[in-house]
Amino acid sequence: MEQINITINGKEIITSPGKTILEVVNENKIDEIPTLCHDNRLEHFTSCFLCVVEIEGMNKLVPSCSTMIQNGMKILTHSKTVVESRKTALELLMSNHYADCIGPCKNNCPAGVDAQTYIALISMGKYEEALKLVKENNPLPLSIGRVCVRDCETACRRNIIDEPVAVNALKRFIADEDAVHKWKPVLKERKNKKVAVIGGGPSGLSCAYYLTIEGYSVTIFEKLPKLGGMLRYGIPEYRLPKKILDTEINWILSLGVEVKTNVELGIDFSIKDLLRSGYDSVFIGVGAHKASKLGLDGEDRIYGIFRGIDFLREITLSYIPQLHGKVIVVGGGNTAIDAARTALRCGAEEVKIVYRRSIHEMPANHEEIEAAQKEGIEILFLTNPKSIIADNNKLKAIECLKMELVEGKPGERPKPVPKAGSEFIIDCDFLIGAIGQAVDTGFVKFDNDCSLEKWGTVHVDNDTMETSIPGVFAGGDVVTGPLTAIMSIAQGKKAAKSIMGYFQTGHVNKSSTKYYSLKNKLTKITDREFEHVKKLAREKMKEISVTDRTHNFQEVELGFSETQCQFEAGRCLECGCSEYSDCQLRKYCDEYNIDISEFVGETKKYLVDGRHPFILMDPNKCINCGRCVRTCAEVLKVSALGFVYRGFKSVVKPAMEKALSDTNCIGCGNCIDACPTGAISEKYPFKILGTLPKENNETICNFCSIGCKINLKKINDEIFYVANTTDSIKNSHNDGFLCSKGRFGYRYLLEKNRILNPMVRKHGLIYNVKIDEALPYVELKLKSIIDEYGKDSVAIMASPKLSNEELYLLQKFARVGLNNNNISSFSNMLYGFEQNSLDDIAGFTSSTVTMDEIKNADVIVVINSNLSDENLVMELKIKAAQKKGAKLILINSSEISLAKYADLWIDTKKGTNTILINNLIKRCIADNVVDHHFLSRHQTDVNKLQKELAETKEEDIYRYCELDKEKYSEFLNCLTNINANIIFISNLDSTSDKSINDIKSVGNFLHLTGRIGKPDNGIIILREFNNSVGFSEMGSSPGYLPGYVKQSEVNEIKRISETWNIDLTNIFVDTDLARKLRRGEIKAILIFGEDPLIIRNNKKYFSGIEFMVVCDSFHTDTTAEADVILPAATYIEQSGSFTRCDNIVQLAPRIISGLHDYENWSIIVKLARYFSKEFNFNSVDEIMNEIRRVNRYYKYGGINKSWIKEYFNNGYNQQVINFAATKIDLSTFDPVKPVIHYQENYYFSNVKSKLV
Amino acid sequence: MKKIKVGLGTCGISAGGQLVFEKFKEELKLKNIDAELSETGCMGMCYEEALVEIEDDKNDVLYSKVTVDKVGRIINDHLINGNPVNDWIIKSNEFSKEESFFKNQKRIVLRNCGVINPSSIDEYIANDGYKAIQKVIEKYTRDEVIDIIINSGLRGRGGGGFSTGLKWKFAKSTQSDKKYVICNADEGDPGAFMDRSVLEGDPHSVLEGMMIAAYAIGADEGFIYCRAEYPLAIKRLRNALNQCRSRGLLGEKIFGSHFNFDIKIKEGAGAFVCGEETALMSSIEGKRGVPKLRPPFPAQKGLWGKPTNINNVETYANVPWIILNGLQEFAAMGTEKSKGTKVFALAGKVKRTGLVEVPMGMTINEIIFDVGGGIKDNRKFKAVQMGGPSGGCIPASMGDLKIDYDEITKTGAIMGSGGLIILDDTTCMVDLAKYFLNFTQLESCGKCTFCRIGTKRMLEILERITDGNGKERDLFLLEDLAQKIKMASLCGLGQTAPNPVLTTLKYFREEYEAHIFDKKCPAHNCPSLITYHIVLEYCKGCGVCIKACPTGSITGNKKEIPVLNESLCIKCGKCYDACKLDAIIKV
């Protein structure tokens, strides 16, 4: 074929024509070109323009996703123009992306603590995980949970509705819960680097903590006797009890931090000393302990005047002073309030605060101000001291001035100016000045190395916290001036990160900041968007009454109760995006380092639409990539979504702007996986855990026999969901597409009614027991029943949802352990139908072609299946084949959804399909549309078939099937072409219209025309359960041994007997288990994973049962009546294999650790060993190895590989093929007779399928 | 016998032509006068509508601005007494008031407009109609037809200017069992009405052009995609199609050959982007009108994936003329690379607004001053906006520029489909750019990022500038965004949307700067940047301005100089318009 020569980024590439630039770039792994609108599974669309590349000689950029390569093209995928264009495209997209990536609480927290996510964890009762999350950014939640200034709450969107969520109180709750410190971080391997941390306050502790857990050795140098800094010496006991602080500090120290107290930087040692004495890096985290002066005459001289921070420190350091009379505190910050409330507790009779501005400008916490006022402290606003009045150096009173506020510069607080002539006098015995603090940077003079800022703080690089001395970092008040504890913690951590980087690379890298979209970056948030949110009052924290607290230092606030916590957590609006960690848009924004500030303009706002039961639509996040629209239209052909409006207003909405659930949406959820942002997301059955890391786990859906690959995204063992977004999933046989069962059905695994431990019922009472007690009890009971009633009195029932290994063990248990043939499943036994249809023809009744081959079919005939409801993904495969030109013929008497997609709908009368197919066969024989070569290779008898069909008449088609001539002739046209690839699709367990013998007739047709074993031809037999096929292949029914071995196959029976070390001749016999059960001949029954008693009528099969063992994961109607209940692992809690409808064995790995420490196979093995020594298995692999030996077909296949292909190429030639007899009694279809609509069987399987 | 023709294009009807027509009908019947009354299309002098032409053997008289009231006298004096009403005549055999209007035009596309009755196939046939298709079928092979069109130099009149013949050649050379021809009649540029007038005035010429194209490329089905806002055009097209079908000119075995062809009309819902050929096809297919990436071009994969030829109305209308008159005659007109004529819709501040057809190569000044009669109110010619929202502004200083595809493209504007908006010194160029950008921004289909959000952000910057909040960096931002939008948009709409901004920035940058730095609008147009003042010397205290002001910001007593309170003024300009003494000025 012709080859094309192109150059990409200077690299020459020779490839075949007909590809897009993006395809070639990806194939050759030249670059990772960003794209948001492109999806390999859909037609090109080209709208996001992120994938642009430059082509030499063209004056515009081209979208690589849809531009075809041409010979000689010279392409640049990462030139400056390209990068600039992509950056602008992203900036434009984000300028109209009215959404929050993270909660504003996290965004506003200086330390970046993700409050929204830990609140979500709290609401799930996961307190330890919540605490772990907090400690990722704040190692002092016990203390901070009490004293934080709560920037998170200021930013909380609840402020717009009622009051902010009590974030800090929630944090305190989880910290208090963990007070005994059950949780400790796992320390990384020790590294040979030492860090000196100067100052044991919040920033120092934070820095020390994060360095220690990374494996670095840290020594803290503290000038005061104890660690804690301002938390200890600046915050009074009644707000933060020292005991609490000690626990928290000791917890950090216990990780291996060394401490040296009573040593002061600049006096006892210098930074140079530290560096010289072997410390590889130094962090300066000293606090702002120097109080500012009031600036009044005599303040240093007159007795009775303190400074706030000194006053508070002295109390902690030495003793509680005895105050009396009237105390005045000057200032408006937290220190002023703390000093005032402390003064009260020190014996003052009256405490007043003098503050020069109004309450609105007061920097102290609102709650603190309120608490002080409650305690009787009066605040004189707009008042400022002018002078001190003393008598003999003893304070008497102060003279104050009234102030007025005047508008300051934009963005600044209003300025207080004295009102002339407003002087007045307040008597007082003590005066405490708390108007500010500063850092004592005397050490700098001593060291003479690190440079300072104008305000006397240490100069650092704000991105790295590095000072002017290489390897020396600083953070907290020493950098910011007196600020908040949480800011100090944040800077301590930032410095720790820089120090680690410094150690690893030798230089300090600026950390890249992530881009977050936040609504308030774009526009003002109005209360309109919260109109629908119910107002809920914020929980009030319990506190000690005023009378009980003002004379002691007991902690005032008592924390939330768990109930309060849960309620408060429920108030969270969950602003941050659920798709945070998977959002491609955000990922690119980081990659291209975007800045939207120049593009802020009009933003479209929409209400989030959560009316659909599973799908949440947030058009605010939509970037018009149309992937959902196209998936819905191109793949599903449903078109429930579309674009509305034009230009800037255009957006994706459900059809006609209705609620999605009111459109023809089928709820498959494929739009969720299509969406590259969070515009369409799942309504998760839990709160949004946006920023938590998620692990991709590929496994198999366990709802039907298509065996779709699904990706279970796991946050932890109890929180996971399905998201088919990974590349490998998109390349799987289901192309990553799912039906609603596959997409949302995982929720049953999250349900709470799990069976937690083995249970035994004795004398009508149920007891929890250990597994080692339950199993011997089962043994005892079974053996006594066998003794009494004989070996045939025990039966094992297994669900076709169990894994191959479990099923194999169970049938072997029956045959080898119990020496009987009583193995089946209720669903197959009671509702199974025509399960042996193809046995005569192919040797087994299962698919003869793989699903991959559907795309190559010319004609697809769907019979006995309602794919839209039962096997949607199969329907998608057909629709894809139709796009490539395949014709779809549907044979179904009632109009099911598939009818509208069918090229030809054969609407036969119910139960008459066999007449139709028989006539087709007759026509084939008449017109010689027969594969003689195929027939000649096998031992067959066409004459016999011809004879049988002799009575079949074409007029019956019109008379009995009530089909019109035109349709019938079109049907014949499609199916009588010997060269066409024809695939039949039928669901053996379908509740859709069926008739007797029709699969047999189809088998005859396929056989006659040589379409069995021929690539791209044959039949796909779908089954109801995910492992119905494995069930048959494992020999789990009385009629078959593993490998579809029937009773007539003496040699095979002998071979298996030898493997199992037992003579099966008298065991593998004709067995009508249903009859035995009905007659009460079965006395003991072991049921694995089935719930027959959900249908009351099935009670009749239990009349003889004296002992019933049920093994299941969830409580069911059947477990309710069991004598012994064994807890089972769910399929994601253990590994195992399942066989999909086209005979491909797929592995399902263990994904979560599960409730039990054993897997289901080991229970069966343990139990079976009581009866036979032939159960020497120690792993699932060993079981699979035996299955491979026993099942005669498995030598042709393997995991993820169909054995049929190999079998048809090799073993099949020996197969004797017999045409099945399909003669039917036409009298039942006589038009004059009333039509039989449903047989009992159909009714039950229909009901059952809905209930299961 | 006298023949009375009333101009009943949309322009004529809106000027009362239909009423005039009815009046004539009534009077002729009443007075039992033997004269033939018929309708005709737009004669081009839209500014003089309603136009009535009275023809007899000797004379051919054109009355302008005819109203119902005038009909009686025209009938009486002219028809009954044989004395034409000289005062109302605009053109006759003896004289023409608007001589330069006609003298400088060359009417090929408009050859039948205003001449024949568009509802009559017979009149079209009488004027050589359908002779071209007959000639083609009987005389030429398909390749020969294509060669004629290639060699004539005809280029797509929709704006792109691609060689029509080559386009046909590509469509012909793509193998397919089915091909289509489409006539793009989705004329959407503000101020453009060339195609409408042709469809209303001479629908058959378009059909004939399409038939020739279909014959040449091997198509058997055609679509006319016409905007639903052109009801009269659609009505006349429908009528024309029916006439063709009943005469066997459409359908099977046309002129006894093996050529089968029929045409359907598809009404567009008025989305501007549907004028883009891929979006247009998507719309015909019943989908959302959204463009696709080319290649593949329509000639390779067009309507329903089949090879398709798309030309616009004016292009098709040229085709029969070229076939009948020969390619040399066509190629003789124009410049080296732009042949034939071009129809323009003159609009804006020009004296004669209307439809003109001039040979390629004529200069802009000639069109404006000779054909268009110059600038209204004799103000200063500032610039001409060409090509609609995709085009740009060419300053007066470049008035000697010749009408030529490539010359115009060099200026940053485009030939476009033929909208010519003439601007005088009262037009603010920033405001003008804002107007066009607002148009494209609203009409963007919303598919591509740059066009959807980029044009919106550009518009916001322009709004900021005209509101007096412009920043120095805005000019950089505008140019930067404009370049990026041009570089990375899927279709022509996005790729050309920044042109009005870029050309005004190129030629009138100082106006932008005045808005940003001096907070002044030099054209005294942007309300935020102007204030109204009363000039004491001119004011006579008549008080009209007081009455005109809707907000009561002008107060005063009669015979006294009124006072304007700026804080109440909303700058609507009503006082300015009301004052006859020029005593109110904008500063």
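Reader: How many salt bridges does the rule find across the interface of chain B and chain A?

Author: This is a predicted model. A pair counts when a side-chain nitrogen of Lys or Arg lies within 4 Å of a carboxyl oxygen of Asp or Glu. Across the interface of chain B and chain A, the count is 3 salt bridges.

Reader: Which residue forms a salt bridge with Glu598(A)?

Author: The cut-off for such a pair is 4 Å. Here the closest N and O atoms are 2.1 Å apart. The partner of Glu598(A) is Arg473(B).

Reader: Which element gives the most to the side of chain B that touches chain A?

Author: The elements giving two or more residues to that side are α17 (429-443), α18 (449-466) and α19 (472-487) of chain B. The top contributor gives 8 residues. That element is α18(B).

Reader: How many residues of chain B are in contact with chain A, and how many of them are charged?

Author: On the chain A side, 34 residues take part. They are in contact with 30 residues of chain B. By class, the chain B side has 13 nonpolar and 8 polar residues, and its charged residues number 9.

Reader: What is the area buried between chain B and chain A?

Author: The size of an interface is often given as the accessible area lost when the parts come together. Carbon and sulfur atoms give 57% of the area here. In chain B, Arg288(B), Arg457(B) and Met487(B) lose the most, together 22% of what that side buries. The area buried between the two chains is about 2,800 Å².

Reader: Is Glu1159(A) buried or exposed?

Author: Glu1159(A) sits in the loop between β42 (1145-1148) and α43 (1160-1169) of chain A. Its relative accessible area is 13%. The cut-off is under 20%. Therefore Glu1159(A) is buried.

Reader: With which side chain does the side chain of Glu1159(A) make a polar contact?

Author: Leaving aside neighbours within four places in sequence, Glu1159(A) is in contact with Glu1133(A), Gln1134(A), Ser1135(A) and Arg1150(A). The polar contact between side chains is at 3.1 Å, and the cut-off is 3.5 Å. The partner is Arg1150(A).

Definitions and conventions: Residues are numbered from 1 along each chain as its sequence is written. Chains are lettered from A and ligands numbered from 1 in the order in which they are written. This is a predicted model: local features need pLDDT of at least 70, side-chain atom pairs count only at pLDDT 80 or more; totals for chains, interfaces and linings use all residues. Side-chain values use heavy atoms; hydrogens and water are left out. Helices (H or I, at least four residues) and strands (E, at least two) are DSSP runs, numbered from the N terminus. Buried means under 20% relative accessible area, exposed over 50%, partly exposed in between (1.4 Å probe, protein chains only). Contact means heavy atoms within 4.5 Å. A polar contact is a pair of N or O atoms within 3.5 Å; within protein, one must be able to donate a hydrogen and the other to accept it, and residues adjacent in sequence count only if both atoms are side-chain atoms. Buried area is the accessible area (1.4 Å probe) that two parts lose on being put together, summed over both. Ala, Val, Leu, Ile, Met, Phe, Trp, Tyr, Cys and Pro count as nonpolar, Asp, Glu, Lys and Arg as charged, and the others, Gly among them, as polar.
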